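Hi,

Here is the structure I promised to pass on. Have a look at it first, and my notes follow below.

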Amino acid sequence: MAVDILMPALSPTMEEGTLAKWLKGEGDKVEAGDVIAEIETDKATMEVEAVDEGTLAKILIPEGTEGVKVNAVIAVLTEDGEDAGSVSVSTEAEVEKVTPVAEPEVLEAQAASDAPAGPILTNPDIPEGTTYTKTVLRDALRDAMAEEMRRDETVFVMGEEVAEYQGAYKVTRELLQEFGARRVVDTPITEHGFAGLGVGAAFGGLRPIVEFMTFNFAMQAIDHIINSAAKTLYMSGGQMGCPIVFRGPNAAAARVGAQHSQDYAAWYGHVPGLKVVAPWDAASAKALLKSAIRDPNPVVFLEHELLYGLEFDVPDLEDYTLPIGKAAVIREGTDVTLVGYSRMVGFSMEAADKLAEQGISAEVIDLRSIRPLDMETIIESVKKTNRLVTAEEGWKHMGVGGEIAAGVTEHAFDYLDAPPLRVTQKDVPLPYAGNLEALSLPSADDVVAAAKAVCEGM
Amino acid sequence: MAKAATPKRRSSPKLKKDEALKFYRDMLLIRRFEERAGQLYGMGKIAGFCHLYIGQEAVVTGMQACLKEGDQVITGYRDHGHMLACDMDPRGVMAELTGREGGYSRGKGGSMHMFSREKNFFGGHGIVGAQVPLGTGLAFSNKYLGKDNVSLAYFGDGAANQGQVYEAFNMASLWDLPVVYVIENNMYAMGTSVERHASETELFKRGISFEIEGEEVDGMDVYAVKKAGEKAVKHARSGKGPYILEMKTYRYRGHSMSDPAKYRKREEVDDIRSHNDPIDGLKGQIIEQGIASEEDLKAIDKEIRAIVKDAADFSIESPEPDPSELWTDVLLPVEA
């Protein structure tokens, strides 16, 4: 019986890839374990091994094909004695028939954070007539680092796999080639140690960018982030500035379980002496990372793995920065204010579209910075809409939404027509099972439901 | 009972007068300063945690003699001696202990958190072992910037059990960073003796698996410290990477001012005090070699007492920080 060979996934978040090379040809004998092809994504390259033995009867996806969906049939293997000629399929038809491997719930959630079609026009400083280039978030972050490293010799990047491997999530891709091993430093797996070393280097006159493979691992280093980086300026009466950026992916990825899926915005947002940034789109992420690198204070820069591959319009400006501590109204509305950061901004935008269909006009605020928190922009908006929904991937208890709701109640109580609602992750460690994970994480539909609830009786 | 460094007969070669007297003066300043700090603590003028350096003076005094302009020093919370050795102003240090405006951190740091960029003293860190990666980072910056400066990272026998110490050792050796790790083994991690807290009590061997050379030093003899320090600093400065010095030393006072002193016998302290004191030892050598007379040394004692009294007076007269200081130094302004 013929066996379908499927396009494999290289990582939990991969949806498609390039079939780079066939190492076996049609008619070749194949044994289990033989390498038959090479596939690539923007993050990695992997060999495809045969699981069964037989004859490679038909190659359905020619080498060099890009955008091959995970689980697409890429070739057909026949068992010995089977007639290869009996296998005939149309390549094009097969590619179209492909169904993705991930759980439907997860896919829906991912689709919801798709990037918008046009530029997110939020900064009046962008001159009219500025052109834009479609850039994925990971490349925008890389460009920000590269630009700042060209500008300032004391800026360097260190972390696990940032150099030779080109970044665990390819955010530091090609930095080693341009800046060399002195300024792009692979560290041992030793978060506590290299975070402390980075802080010491900042005290010594450098501007380190410390990459954590994910912020989950930064819990090993949180003592240095808080006790050494955030507090020393104060404890020294202003002598010991610590210009350092701690950056890396934060919050949930896809199906990696509780220890690898946590949103730390509220944790770091709690600490005076730190700045905390959590951008959504590539343009603001690039501009904010440049500001973070130039900032004389320690900055925790929270990225999102599920946004790394999304494409956004980034302005073609030589040196575009945004101020840390300033939120942006990225969609204007009159009935309800939706406030989110990082991936929840995408969900809020999607929710706003859905709400518009139901006659509710939502204003969307991209928080961008968790600390300083731009309460002014939020309060201005709530004074107009009289209703507030916050959205975060962290837990509700002691979370960012609670802080925003408290601030709004304190400063704009009389403007509120309904109690503020918070959309958050459920109050459980993130489960692995696809259906449970989807139930646990906040979605665009959750934002829609919360917005409708605060607008009830409007 | 912990076994302290064996008293040795100090038969060093002919001492240089200036250096011998400087060592005497510097160690005595630390001793008298700390005694006064203890007194001010008892009077309620100094609050919180206060860890005195009495007994360990030869370590910082000898090591400081090995440094040159631009070399950095960083340590943990038993830091008053290090600051005085770095030539920081006793007034500013004492006023920080009393939490006053005239303190090095304008009263916002306290005993465990003091710094002087001007004197290249980088703290003063209250989390046990944190200064080891930080000091390694200072060394990283020296190498990165092409400076031939060395950083000294001091830590105690207790901190020597922290995981981050070994994370730092690994990177320092891997990247040949110019750092000297000075372990001040005063025999007790708070109240737990080395034998009770360390599986390998010879702490200078703790770098072996990272290929870091180390040696044991009589930390009660300022000349032995200097000799070992010069070798270690030269090693680090010449690009050969880190070096470990284990200073066998002893603190006469408790871990902090609130130490119940139940974990060691009074006789143990008295024995070291009377037979192996770093200041008495040097004094004996100075007199034996005819470098200075008892009278000369008494004059120095008097001078030191005056400096310390002045520092204490200043620390009490200096006002408490202005309430507006509560809100300053949280963040630096961003340049436009």
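Before the helices, one term: a crossing is left-handed if the near helix is turned anticlockwise from the far one by less than a right angle, and right-handed if clockwise. Helices (H or I, at least four residues) and strands (E, at least two) are DSSP runs, numbered from the N terminus.

Some housekeeping: this is a predicted model, where local features need pLDDT of at least 70 and side-chain atom pairs count only at pLDDT 80 or more, while totals for chains, interfaces and linings use all residues. Residues are numbered from 1 along each chain as its sequence is written, and chains are lettered from A and ligands numbered from 1 in the order in which they are written.

Now the helix pair. In chain A, α3 (residues 137-151) and α9 (residues 282-294) have axes that come within 8 Å and cross at roughly 30° (axes are lines fitted to C-alpha atoms, for helices over the stretch in contact, and angles run from 0 to 180 degrees between N-to-C directions). The crossing of α3(A) past α9(A) is right-handed. Among the residues making the contact are A:Leu141 and A:Met145 of α3(A), and A:Leu289 and A:Ile293 of α9(A) (contact means C-beta atoms, placed from the backbone, within 7 Å).

Next, the two chains: 34 residues of chain B are in contact with 36 residues of chain A. On the chain B side, α5 (131-144) and α6 (163-174) each supply at least two residues, and α5(B) gives the largest share, 10 residues.

Then there's α11 (residues 375-385) of chain A, whose buried residues are A:Ile378, A:Ser381, A:Val382 and A:Thr385 (buried is 20 or more other C-beta atoms within 10 Å of a residue's own, exposed is 12 or fewer, partly exposed is in between, with C-beta atoms placed from the backbone). They cover an arc of only 100° around the axis, which puts them on the same side of α11(A) (the arc is that of the directions from the helix axis to the C-beta atoms). These buried residues pack against several elements of chain A, including β21 (388-395) and α12 (400-412). After α11(A) comes A:Asn386, with a positive phi near 70°.

Lastly, A:Pro431 sits in the loop between β22 (421-425) and α13 (434-440) of chain A. A:Pro431 counts as partly exposed, with 18 C-beta neighbours inside 10 Å.

Cheers
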